[in-house]
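Good morning, and thank you for making time for this presentation. I would ask you to keep the structure in view while I speak.

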Amino acid sequence: MKKIILYGSTGMLGSDCKEVLQKEFKLITPTHRELDITRWDDTIEHMGKNRPHIILNCAAFTDVDACEDKSQYKRLDKINVEGPRNLAQGSARFECKIIHISSDYIFSGKKEVPQPYFEDDSPRPISTYGMMKMESEAAIRDNAPDYIIIRTGWLYGINGNNFIKKILKKVIGEGAKSIRVVEDQYGSPTWTYRLALQIRELIKNDARGTYHATSEGYCSRIEYATFILDKLNIDAEIEPIKLRDLNLPAKRPANCILENRLLKKQGINIMTDWKRDLETFLDRYGERLIEEAKKEIAK
């Protein structure tokens, strides 16, 4: 049985990867307290002790606005760039594959919708977080002979924070009668459980290289929010706003649409339409999500 070290196993994607992969692989899931991947010596010692066949890195700092805080840059750069570099160097030393999760934010988002971004498009990040993810990719490519880089975006899952939970917190937890949602940003809502299944498929096929992996199809943020509220029978007015009017510290790409071209070319694409997966997710977890949002009232 192949051995996988999964970093970030308690996060939104990592927890679903743990659920999917533990059925077929021996998983080692160190917590951040047990192992800090920014510490090179500790990371190499841990790999040497466990001798994995595969390293799966789901650990990252993903608060894009917090990444704009210059006083935090050095600390966050260690997490998002230096950590992946240490893992890549470890994978080279112990001759194992590394799988690293990257982001749609490495692109500028200036392509006309619905033109998607392909794996060989040039990265042009417009935020510090996007720059860090681009640099993390370079750290993997420069140090690991056997790697998979997976670019994805608009992730949601039952664990961790995401767009769905933010919407429900606002409407149910805070009792808002209307919510402001961006109308001119486009992407593909992607279920972390589906992405975990895709990662399993990549492992089974001994894939190598840079892949895009998001749900098929695309929508605007408003269409995304409307689908959620309609499916859960929640009555709230949606007020459209422009991306430029968000006034947030980090710039967001307007076009976050990724095309899973390499997955399709190799016949291993199992990503499905965003509406289909989102409907399944809300059927399965809708009541739980609503109950969680109601708890916000008591806080």
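Let me begin with a term for helix packing: axes are lines fitted to C-alpha atoms, for helices over the stretch in contact, and angles run from 0 to 180 degrees between N-to-C directions. Helices (H or I, at least four residues) and strands (E, at least two) are DSSP runs, numbered from the N terminus. This is a predicted model, in which local features need pLDDT of at least 70 and side-chain atom pairs count only at pLDDT 80 or more, while totals for chains, interfaces and linings use all residues. Residues are numbered from 1 along each chain as its sequence is written, and side-chain values use heavy atoms, with hydrogens and water left out.

I turn to the overall picture. The protein has nine helices and twelve strands. Its C-alpha atoms fill a box of roughly 55 × 45 × 35 Å along the principal axes. The radius of gyration, taken over C-alpha atoms, is compared with a globule rule of 2.2 Å times the number of residues to the power 0.38. For 299 residues, a compact globule would have a value near 19 Å, and the protein agrees, with 19 Å. Buried residues, meaning those under 20% relative accessible area, with exposed over 50% and partly exposed in between (1.4 Å probe, protein chains only), make up 56% of the 299 residues. Contact means heavy atoms within 4.5 Å. Of the contacts with a separation of 6 or more, 82% are accounted for by residues 24 or more positions apart.

Next, the helix pairs. Helix H5 (residues 163-173) and helix H7 (residues 221-231) pack at about 65°, and their axes are 11 Å apart. A crossing is left-handed if the near helix is turned anticlockwise from the far one by less than a right angle, and right-handed if clockwise. By that rule, the crossing of H5 and H7 is right-handed. From H5, Phe163, Ile164 and Ile167 meet Arg221, Tyr224, Ala225, Ile228 and Leu229 of H7. As to class, Ala, Val, Leu, Ile, Met, Phe, Trp, Tyr, Cys and Pro count as nonpolar, Asp, Glu, Lys and Arg as charged, and the others, Gly among them, as polar. The contact of H5 with H7 then divides into seven nonpolar residues, no polar and one charged.

How do helix H1 (residues 12-21) and helix H6 (residues 192-204) cross? Their axes come within 8 Å, at an angle of roughly 55°. Angles under 35 degrees count as roughly parallel, over 145 as roughly antiparallel, 65 to 115 as roughly perpendicular and the rest as oblique. H1 and H6 are therefore oblique to each other, and their crossing is right-handed. Their contact has eleven nonpolar, one polar and three charged residues. Eight of the ten residues of H1 are buried, so H1 is largely enclosed by the rest of the structure. Among these buried residues are Met12, Gly14 and Val20.

H3 passes H4 in a right-handed crossing. The contact includes Tyr73, Leu76 and Asp77 of H3, and Thr128, Tyr129 and Met132 of H4. By class, this contact has ten nonpolar, five polar and three charged residues.

Two individual residues deserve a look. Methionine 134 lies in H4 and is partly exposed, at 24% relative accessible area. Beyond its neighbours within four places in sequence, methionine 134 is in contact with Ile106, Pro123 and Pro125. Leucine 289, by contrast, sits in helix H9 (residues 274-298) and is buried, with a relative accessible area of 3%. Leaving out residues up to four places away in sequence, leucine 289 touches Ile158, Ile164, Lys165, Leu168, Phe281 and Leu282.

I close with the backbone. Where is the cis peptide bond? It joins valine 113 and proline 114, with omega about 10°, and proline 114 lies in the loop between strand E4 (97-103) and H4. Arginine 51, although not a glycine, has a positive phi of about 45°. Arginine 51 lies in the loop between helix H2 (40-50) and strand E3 (54-57) and counts as exposed, at 53% relative accessibility. Glutamate 95 also has a positive phi, near 55°. It lies in the loop between H3 and E4, and at 76% relative accessibility glutamate 95 counts as exposed.
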